[in-house]
Amino acid sequence: MTHPAPPSPPALRAAADRLVSALAAHDDPEYRLTVLKRLARRLGEEHYPVFLRLLNVVAESDDERAKRLLAGTIGTALRRMDLPGGALSSWGATRLPDNVTPFAASALSGQFFGATPRRLLGPVEYLTVWHMQRTQRTPLGAQAFRDSLAHLIDLLDHSEEARALYPQKLAADAENELEGAYTRATRDRLAAVAAAWKAGKAPAEIAQAALDAVPEQAPGGWVVRDL
């Protein structure tokens, strides 16, 4: 299947500007969250990385008002436990059959081969799973993971609510297997992010703590990509 070319930097900047303008046009935090979730839905699961890139565009800008608007909207989402999310398959979450009873060829579905369960992941969780686990996507490289995570946390730190609630969510996620969505190594990284974030460390230090929590162990021959 041929995938469309990723948006150009000017196109991303224009889209980010439209997003910020849409958020700024309304004072109601709940409506702003609706706008953000609608954008994620319209992009679809296949293009959730584009949503993450839009967050990064705002994070890397010098527009403090835009950062506060976007971070505050994500803070509202955290309070409502309703983060705009994307889905990644959880390879290895299913098992081979434990008997030799004949079964239909239709049983060899995506679910049989571990392509499910798929659950919606928030931005930080998505980046971490994308980097750490085998999914339907080419793995995210370590440098891209570290840089993207640092930018994202810097953005979220512009909201007191997001800065307080996101580490709590990550710490809770790290203590649960979540129906096989996270491997042990992924949970260790989420826990490291939560601990460093709660401790008030700088975004770059938090991202590095995530990398340091688990030794790099990408299987030989894996291709990795940037965000």
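Some ground rules. Residues are numbered from 1 along each chain as its sequence is written, and side-chain values use heavy atoms, with hydrogens and water left out. Because the model is predicted, local features need pLDDT of at least 70 and side-chain atom pairs count only at pLDDT 80 or more, while totals for chains, interfaces and linings use all residues.

Confidence, then. pLDDT is the predictor's confidence in each residue, from 0 to 100. The chain averages 84. At least 70 is reached by 78% of the residues. Among the elements of the chain, α4 has the highest mean pLDDT, 98. Strand β2, residues 118–121, has the lowest, 80.

Where does the pLDDT fall below 50? One such stretch is residues 92–115. Beyond near neighbours in sequence, that stretch has 23 contacts in the model; a contact means heavy atoms within 4.5 Å. Residues 219–223 are also below 50, with five contacts beyond near neighbours in sequence. Where pLDDT is low, the predicted coordinates should not be read in detail.

Now to charges. Side chains of opposite charge can pair when their charged atoms come close. A salt bridge here is a side-chain nitrogen of Lys or Arg within 4 Å of a carboxyl oxygen of Asp or Glu. How many salt bridges does a search of the whole structure find? Eight.

Take Glu 30 and Arg 80. Their closest N and O atoms are 3.1 Å apart in a salt bridge. Glu 30 sits in helix α2, residues 29–43, and Arg 80 in the loop between α4 (64–79) and β1 (86–89), so this pair ties together parts that are 50 residues apart in sequence.

How accessible are these two? Buried means under 20% relative accessible area, exposed over 50%, and partly exposed in between, using a 1.4 Å probe and protein chains only. Glu 30 is partly exposed at 30%. Arg 80 is partly exposed too, at 44%.

Next, Arg 79 and Glu 161. Their side chains form a salt bridge, 2.7 Å from N to O. Arg 79 belongs to helix α4 and Glu 161 to helix α7, residues 160–174, so the pair ties together parts that are 82 residues apart in sequence. Arg 79 is partly exposed, at 44%. Glu 161 is partly exposed, at 28%.

Asp 173 and Lys 169 meet at 2.7 Å, N to O. Both lie in α7, four residues apart, about one turn of the helix. Asp 173 is buried at 11%, whereas Lys 169 is partly exposed at 28%. Salt bridges that share partners join Glu 125, Lys 169 and Asp 173 into one network.

Is His 131 buried or exposed? Buried, because its relative accessible area is 9%. His 131 is in helix α5, residues 123–132. A polar contact of 2.9 Å joins its side chain to that of Arg 189. That term means a pair of N or O atoms within 3.5 Å; within protein, one must be able to donate a hydrogen and the other to accept it, and residues adjacent in sequence count only if both atoms are side-chain atoms.

Last, Asn 56. Helix α3, residues 48–60, contains Asn 56. Asn 56 is buried, at 8%. From Asn 56 to Ser 148 is 92 residues in sequence, but 6.9 Å in space, C-alpha to C-alpha.

Methods:
Helix = DSSP H or I, 4+ residues; strand = E, 2+ residues; numbered from the N terminus.
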